[in-house]
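Please open the model in your viewer and keep the sequence panel beside it. The tour below moves from one selection to the next.

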Amino acid sequence: MTTTTKQFKRGNWQKSINVRDFIVRNYTPYMSGSEFLCGATSRTEKARTKMEELLQAERDKGGVLDVDTEHVSSIMSYTTAYLTDEDIIVGFQTDKPLKRGVNPFGGIRMAQEACKAYGYTLSDEVLKHFEYKTTHNDGVFRVYTDEMKKLRRAGVITGLPDAYGRGRIIGDYRRVALYGVDALIVAKKADMDAIGKLHMCEDNIRLREELFRQLDFLDKLKNMASLYGFDISRPAETAKEAVQWTYFGYLAAIKEQNGAAMSLGRVSSFFDIYFERDIKAGILTESQAQEIIDDFVIKLRMGRQLRTPDYNELFAGDPTWVTEVIGGIGLDGRPMVTKTSYRMLNTLYNLGPAPEPNLTVLWSKDLPQKFKDFCAKVSLDTSSIQYQNDDIMRPEYGDDYGIACCVSAMKLGEQMQFFGARCNLAKLLLMSLNGGRDEMTGGYAGLKMDGLGGGVLNYDTVKKRFDKYVKWLAAMYVDTMNVIHYMHDKYAYEKLQMALHNTDVERLMAFGIAGLSVVADSLSAIKYAKVTAIADDTGLITDYKVEGDYPKFGNDDDRADSIAISLAKDFYKALTKREAYRNAKHTLSLLTITSNVVYGAKTGATPCGRKVGEPFAPGANPLHGRECGGALASLNSVAKLDYKYCRDGISNTFSVIPNAIGREKETQSSNLAMLIEGYFAKGGHHINVNTLTKETLVEAHETPHKHPNLTVRVSGYAVKFGTLSRRHREEVLKRTFFEKL
């Protein structure tokens with residue numbers, strides 16, 4: 001393995017592709033505070049001004065500035081593009097900043113609809129090209145059973161990646177910088193030769209073809225970089241090159257794929273090795289180091305994909321989920337916080353708050369206290385960070401993992417994920433009560449049984465029936481996912497991203513639950529109160545009368561919380577009974593993105609007292625307004641959910657007014673850090689932190705132009721509040737903003 005070794009400690013990373021080994025041997029933990037940070041340079045200010053002008057023009061045009069309808073987006077589809085004539089880190093997806101490309105491999109109809117929604121028409125040439133070409137979407141619907149289609153149409157399993165790029169695959173883009181593309185090609189050719197000596201069974205034939213396609217796109221990656229005048233066949237030699245080479249890898253990925261979440265990975269500590277070396281050598285100043293990171297983040301913020309209005313209803317705010325993880329603790333006990341961890345967070349000051357990249361701090365009790373306090377300060381100032389519990393993820397994923405999309409961990413370069421959206425658990429409960437009928441239409445959408453009809457509901461009867469439906473739906477869910485990912489591999493394979501993985505990759509299949517707190521509260525109401533089902537003249541239950549009080553999830557009451565814990569555990573175990581495509585490991589998330597609004601709209605009244613069409617709570621949160629015990633009780637309830645059964649993540653969005661955690665800024669920061677520490681000490685997995693007043697949100701809702709850059713955490717990611725639809729903004733306003741702990 002040939003790569004630059006100047007002033008780097010030698011190790012196994014020189015013998016095989018092993019970025020982790022390089023990082024562990026060469027990074028410098030940083031234990032002090034933020035005093036070394038530099039503000040934006042005049043060049044950065046000019047670039048930021050240009051970016052903001054383009055972003056305003058994009059807003060003025062309804063959210064999409066321009067679309068290239070003449071080309072199919074891929075690595076070599078476009079010439080070069082620049083933001084200014086002083087760009088430090090170069091490259092955009094198309095031939096102009098913020099201009100969106102068209103990627104029809106997920107589905108040609110989706111591409112057409114997306115163009116039409118913004119006043120564009122997909123060219124006849126592109127349509128003709130795909131007239132006799134099978135897309136991922138075509139393949140899926142050829143194989144879908146009638147039962148799968150009914151469940152999809154009814155919104156029982158929904159948000160499925162069957163018409164768009166699945167995403168949630170994190171290429172190890174650092175490999176481009178550390179090794180150069182030629183060394184990666186040599187390694188992949190060796191893998192291909194080794195497989196060629198094996199029995200040519202179906203699996204090995206498919207893998208040989210995939211490797212051929214990976215090699216093809218590694219070559220295209222070199223050609224794309226050469227358009228900008230860079231030779232990335234060799235390893236990066238300077239810090240600037242390390243950032244640029246890594247960005248080229250990521251840029252190629254988002255040119256090739258319109259994935260649901262195209263995360264960045266874990267680059268900060270990797271970059272820091274180069275920055276530390278160059279600063280010590282006197283060829284780089286601290287201000288120049290920050291300037292490189294600022295320009296890199298500007299490019300990440302300007303990544304764009306073309307999506308339909310239906311997609312935007314599920315995943316509101318035009319997110320790209322460029323998730324970058326920061327911090328954490330190494331397996332050797334050293335903090336992985338570096339100066340570039342600080343530099344990355346400092347972009348939220350130098351460039352202003354923003355949802356992208358989706359900055360995710362891996363929190364541990366052993367992180368340096370000054371870093372914890374700085375993170376809390378940034379949260380208070382920007383509401384642009386999320387936190388995940390490194391102490392419960394590290395034993396499973398080691399110390400070189402990234403986060404896909406919002407909360408989903410995987411080992412970088414060693415694991416990939418088959419993304420699968422969510423099951424509407426609340427709708428499944430209603431379907432079980434109605435014997436397979438959809439409570440919104442009356443038609444059958446699932447497993448047929450006699451409905452319960454009107455009358456008082458008995459907990460044991462309901463639970464037994466619901467458990468049967470859970471087992472049935474889990475099997476259907478796995479089968480549906482198997483169809484989707486078989487076809488995605490066949491017709492929309494991620495050539496470049498998978499080229500930046502080990503050939504012998506471990507696969508995860510990610511399932512999800514929406515409406516957990518709704519079902520937990522509903523079952524609790526049936527068990528501890530009196531719930532009467534109200535049926536129409538066909539026996540279809542359409543409403544519920546709740547008499548008496550009952551324990552609600554989110555109040556640190558084990559009676560309700562234990563129900564929520566069992567729901568997640570039972571659903572996960574039911575999923576594992578069905579074999580997943582390519583021997584993937586089943587994982588489960590409690591995550592809704594902003595889909596909690598759409599899921600709620602498709603769901604009738606529930607036995608907990610929630611009315612027809614009302615939104616669910618986001619992720620694993622308690623339902624709006626039901627956390628009567630205060631902030632800490634709410635956090636305690638969510639922390640009880642067992643990560644063992646929810647390895648795809650447990651999303652918790654926490655909103656608190658600043659005065660609730662202290663009067664002075666310094667006190668607020670230390671108190672917020674202690675609150676996060678306490679939540680994770682109890683086993684919590686993830687927390688979004690919003691620290692702002694509801695009055696600010698109301699003003700931004702009514703007069704968006706006054707707060708164009710107001711950033712809020714929603715469910716595993718952040719958005720600019722003004723980019724949300726009115727319906728989504730109204731749902732955020734209904735969430736609990738804690739005024740006391």
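A polar contact is a pair of N or O atoms within 3.5 Å, where within protein one must be able to donate a hydrogen and the other to accept it, and where residues adjacent in sequence count only if both atoms are side-chain atoms. Helices (H or I, at least four residues) and strands (E, at least two) are DSSP runs, numbered from the N terminus. This is a predicted model, in which local features need pLDDT of at least 70 and side-chain atom pairs count only at pLDDT 80 or more, while totals for chains, interfaces and linings use all residues. Residues are numbered from 1 along each chain as its sequence is written, and side-chain values use heavy atoms, with hydrogens and water left out.

Select N424 and A426 next: at the start of α17, a side-chain oxygen of N424 comes to within 3.3 Å of the backbone nitrogen of A426. Just after α17, G435 has a positive phi of about 65 degrees.

Now select F296 and Y387, which touch the most other members of the largest nonpolar core, a group of 227 residues. Such a core is a set of buried Ala, Val, Leu, Ile, Met, Phe, Trp, Tyr and Cys residues joined through side-chain atoms within 4.5 Å. Helix α18 (residues 459–491) gives the most to this core, with 16 residues.

Finally, select β11, β13 and β14, which form an open sheet in that order with antiparallel pairing (strands pair if DSSP finds at least two bridges between them). Within this sheet, G455 stands opposite A533 in β13.

Terms used:
Buried < 20%, exposed > 50% of the residue type's maximum accessible area, 1.4 Å probe, protein only.
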